[in-house]
Amino acid sequence: MMKSLNRLRGAIWPRFHRNHDEHLNPYYTFQDYRQTWGMTIFILMMTALVPLVVMTLIYYQLIETSINTESLLRTERLASNARRAVTFFLEERLAALTFTVNEMGYDRLTNPGRLSEVLRNLKLGFGGLTDLSVIADTGTQVTYAGPFNLEGKDYSNQPWFMECHQHNACVSEIFSGYRGVPHIVVAVKSMRPDGRFFVLRATLETERLIQTLSSYKTGEHADIFLVNRDGLLQTPSQFYEGEFHHMNIPVPAYSDRTRAVMSTDRSGQPILIGYAFIDTKIAPTSFILMVVKQKAGMMKVWLDLRSNINWFFGFSALIIVVVITLTSTVMVNKIFQADRQKAETMVAAERNCQLASIGQLAAGVAHEINNPLALINETAGYVKDLFTIKQQYKEDPDLLEHIDSIIDAVARCGTITRQLLGFARHFDVQTQPINLKDMVADVINFHKKEAEYRNIKIHVDIPETIPLIETDRGKLQQIILNLVNNAFQAIDNGCFLDVRAEMDGPEQVRLFIRDNGCGISEEHLNKVFEPFFTTKKEGQGTGLGLSITYGLVQKLHGNITVQSKTGQGTTFVVTLPVQIKKETQS
Amino acid sequence: MKVLLVDDEQKFALMLAKRLALREIQTEVFFSGEKALETVQQGNRFDVAILDVKMPGIGGIELKRRLGLLDPAMKFVFLTGHGSKMDYTAGVQEAENYLPKPLQIEELMETLNRLTEGPTAAADLDG
């Protein structure tokens, strides 16, 4: 389970996230590909998303401002219309009373029969009147027409009466008075012939006024009502009635024209308030017309739209994020892979260079050392000959041992100089057609006895379809010999050696030499082709075998790679061109 | 057995000649190809010539060609200080008669014995 998860992660997770080839690090263009990746994504996202976010916010701001302005205007217009209706309602009735009082005069109005007739006519003309009465300047009701018997009542202490005395006319607040039913009193003052004044008073039902106001109500969240200047509700409010019939929002500041403002209600919800202080031409009133709308209700269309825009915005942002992430990942990975190839090439080039210069040095050293070595060898040999052949010192094993050790040392140095010279030699490559299968068989033949003795299974699989290779026989032979030798040294008795070949396109052939021996540790894997690198004990290996092989493969215009796991074995892969291309002549 | 030894490394050649002499092989030493040619031209006969491949003047390979013309029965052993046998396989017939320096005297003796035994008679018959 964990394994397949890891494999999935490996397939999705880009290569640069698990870069462990530290030997390539100095050759990379970007040192930290994860950081480059992160920066790329960050910059691209900022470039794409910041303008989008800013534009959206500005757009929201503009829309909201324009909606606010529009809402205020509409609220103000509504309040203005309602104000006109209420004003007209009151003015109309005041005008009717003024006309009646001027036309009829005190004497006729105090006649109860006439007063009832006037009431009937007014009811027919305007409706909404309950009763009509004439009140003397003492505040005592003189004549009354209407359903209640209120004759003789004293109104001198009523606020409306005092106001009427001052202003010639008045409109009361809505109150219940003696009868216990909400009503408005409108009254006009007139003079009697004897110079004293009297008041014609009418009681208006509030029903009509409430109906008039209700007709201006628009939408579910709108409320329209009258309050007095202390905030006491004059007509019922649907949403804003607080304690003791007071409205639960503050009384607006005085203004002589209709206004609309933004505010918040008691629960903090934004509201729009349109208001107007109502004054008639004939008498002032204490009414304030209130139009209150919940902003949320008016903004609903916009909020719905905004929610859609938000969804769209979120979805777009998500797509942008995904596309940028994927694109960046793919691009950075591509760059990483190209960079990695470049780094590998540079490492290989450096190694070639190193190998070439070491080769030249090695050849020089080998030449210089080889002649004295030969001389030492012959001289020591001669001394030994003298001892052994001339019988004189034959019995002295000590001397012989010393001389033998000199000769052994020379032989060992001789091996090194010979290999160094082979490594450095630049003989022309002489090509001839070679059957790879036969050549491998020849090389394996060298080791047949050893394999039988050590119980090593050798498996060779070279298909007949592999064509003849145009290459240098001697060099190819040595390459295969070196690699097979190498494998034989690496494996224990009873292991196996697998030699396999396959075509790599029509132009190249690939030769695999695989063993299940001790393997090469990761730290050593990069160094196996370096000259003088050996893990064998001193004196047992020269550390030149694989570097010579490497040089030979290069000379044949091929390529050699190695894969290995400690304890599991090693595979050398030699890729060779089927035909060595002639070098272009300059 | 009479051997002609040609090598420009004088000390080496003399020392090798001494060792061969100890093994009862009559050896004449020359330090250049020209001197060796002269001797053979004067009518001196040798069974085997041991030649260094790289010498100033006439090199081993060229010397072998010229000596072969003068005495077709002569056998040749090459000495080389420049690498192993395998590198010389291309282009040279007698690959088995190449011996790298430093020498193993036993190897040289074996080669000399092999050359002067069986094949000599056959070569004579062919000639």
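Which handedness, left-handed or right-handed, does the crossing of helix 8 of chain A and helix 10 of chain A have? This is a predicted model, in which local features need pLDDT of at least 70 and side-chain atom pairs count only at pLDDT 80 or more, while totals for chains, interfaces and linings use all residues. Residues are numbered from 1 along each chain as its sequence is written, and chains are lettered from A and ligands numbered from 1 in the order in which they are written.

**View 1. Crossing of helix 8 and helix 10 in chain A.** The crossing is right-handed, that is, the near helix is turned clockwise from the far one by less than a right angle. The axes of helix 8 (residues 436–446) and helix 10 (residues 473–490), lines fitted to C-alpha atoms over the stretch in contact, come within 10 Å and cross at roughly 45°.

**View 2. Residues at the contact of helix 8 with helix 10 in chain A.** Met439(A), Val440(A), Val443(A) and Ile444(A) of helix 8 meet residues of helix 10 including Leu476(A), Ile480(A) and Val484(A), where contact requires C-beta atoms, placed from the backbone, within 7 Å.

**View 3. Surroundings of Met290(A).** Leaving aside residues up to four places away in sequence, Met290(A) touches Ile224(A), Phe225(A), Val227(A), Ile273(A) and Tyr275(A).

**View 4. Chain B.** Five helices and five strands make up the secondary structure of chain B, helices being DSSP runs (H or I) of at least four residues and strands (E) of at least two.

Note on methods. Axes are lines fitted to C-alpha atoms, for helices over the stretch in contact, and angles run from 0 to 180 degrees between N-to-C directions. Two residues are in contact if their C-beta atoms, placed from the backbone, lie within 7 Å.
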